[in-house]
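Here's a quick tour of one model, with a look at a surface patch, some charge pairs and a pocket. Have the viewer open while you read.

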Amino acid sequence: MNERTAILIGCGTMGKRHRSRFEENGVRFTETLDMDAAEILKQEKWTRPDFAVVASPASTHYEYAKFFLERRIPVLVEKPLAVSADQARELVKLAQENETLLFVAQSECYNPIFLNFRKHLLVDLKKAASGPAPLKVKLEFRREHGYSPRCRDVDVALDLLVHDVSLFLNLFDARDVVMVDDGRGCACGDRIRMSLKVVSGEFAGVEAEFMADRDSEHDARTISAEFGRNGDDPGFDYSVSLVHYTSSGDVAHIPDSLDNEHRFFLKLLAGACGEWGNRALLNAANAVILAAGEASAIKG
């Protein structure tokens, strides 16, 4: 297989991780740009790559993704895809019109812990939905960590909440989802709560509560499921942590998430799994739309 080439925009934590993992897969980076990226790109003196990686601050994702899509260069952009519903919709439309791959690096969606949880939860939901009583399930997504100077160019919804909304949309069809509470009324600085509900389709009746806090005394990334109890049915509850912890209580990085994400991206780049790639893009766009509190703009 011929060597693939790429341009990296952003040399922070995620930029370095993406570069390291892609290089392990035989990708050669011809340009690595940071704060001066916009000016250098406009000079058009760079060699056209097979794809671009955008890992710059979130507020610049739209600008760089649009730049590459307009030139029909496939692009992997860190989450969030954009910082508004309008920007997210525009990028999806541009990618579709130019028939150019746009992939959002929502690595949590490729976390093996989540993938295992998803498999078992959907089996249990199908069993519950086949019963005589209406489906009554409550999911809770909780994401907390201490203060960090990173990602301060966007609010907590587009920094943290968007992760879990994207996970939710990997479980259910966005067209079946309505927003119960966008959380804006009770948002407090670096904390926010939000509620969504599945109102149609096979899993109508599932409710979800989201809580994100980026100035917490705790570190938690969990999903909990509570199945309603009907008659003599005892129901059942369970939860999962999306991270591993060391013996000292520190978070242990899970490299499989990024590796799985990159493998999927490279398959899409090779022309495989197109339907899945389109769904992943719509989920990422809808996650921005919901996190931005604009549920009426959900894309089908």
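## Patch, pairs and pocket

Val178, Val180 and Val199 make a nonpolar surface patch of about 240 Å². Keep in mind that this is a predicted model. Of the three, Val199 sits in the loop between strand E8 (191-198) and strand E9 (206-213). Its relative accessible area is 46%, so Val199 counts as partly exposed.

On to the charges. Side chains of opposite charge can pair when their charged atoms come close. The count here comes to 20 salt bridges, and the table has some of them.

| Salt bridge | Closest N and O atoms |
|---|---|
| Arg71 with Glu70 | 3.8 Å |
| Arg142 with Glu140 | 3.7 Å |
| Arg191 with Asp213 | 2.9 Å |

Last, the second largest pocket, which holds about 420 Å³ of space. Its lining has 19 residues, with Cys109, Tyr110, Leu115, Asn170 and Trp276 nearest the centre. Strand E5 and helices H5, H6, H7 and H8 each give two or more residues to that lining. Which element gives the largest share of the lining? That's H8, with six residues. By type, the lining splits into eleven nonpolar, five polar and three charged residues.

Methods
Residues are numbered from 1 along each chain as its sequence is written. This is a predicted model: local features need pLDDT of at least 70, side-chain atom pairs count only at pLDDT 80 or more; totals for chains, interfaces and linings use all residues. Side-chain values use heavy atoms; hydrogens and water are left out. On a 1 Å grid over the protein atoms alone, a cavity is a set of points where a 1.4 Å probe fits but cannot get out, and a pocket is an open set with protein on both sides within 12 Å along at least five of seven lines; lining residues have an atom within 4 Å of a point. Grid points are joined across faces, edges and corners, and a volume is the space filled by probe spheres set on the points. Helices (H or I, at least four residues) and strands (E, at least two) are DSSP runs, numbered from the N terminus. Ala, Val, Leu, Ile, Met, Phe, Trp, Tyr, Cys and Pro count as nonpolar, Asp, Glu, Lys and Arg as charged, and the others, Gly among them, as polar. Patches are made of residues with over 30% relative accessible area and no salt bridge: like charges are joined within 9 Å, nonpolar side chains (Val, Leu, Ile, Met, Phe, Trp, Tyr) within 5 Å. Accessible areas come from the Shrake-Rupley method with a 1.4 Å probe; for residues, only the protein chains shown count as cover. A salt bridge is a side-chain nitrogen of Lys or Arg within 4 Å of a carboxyl oxygen of Asp or Glu. Buried means under 20% relative accessible area, exposed over 50%, partly exposed in between (1.4 Å probe, protein chains only).
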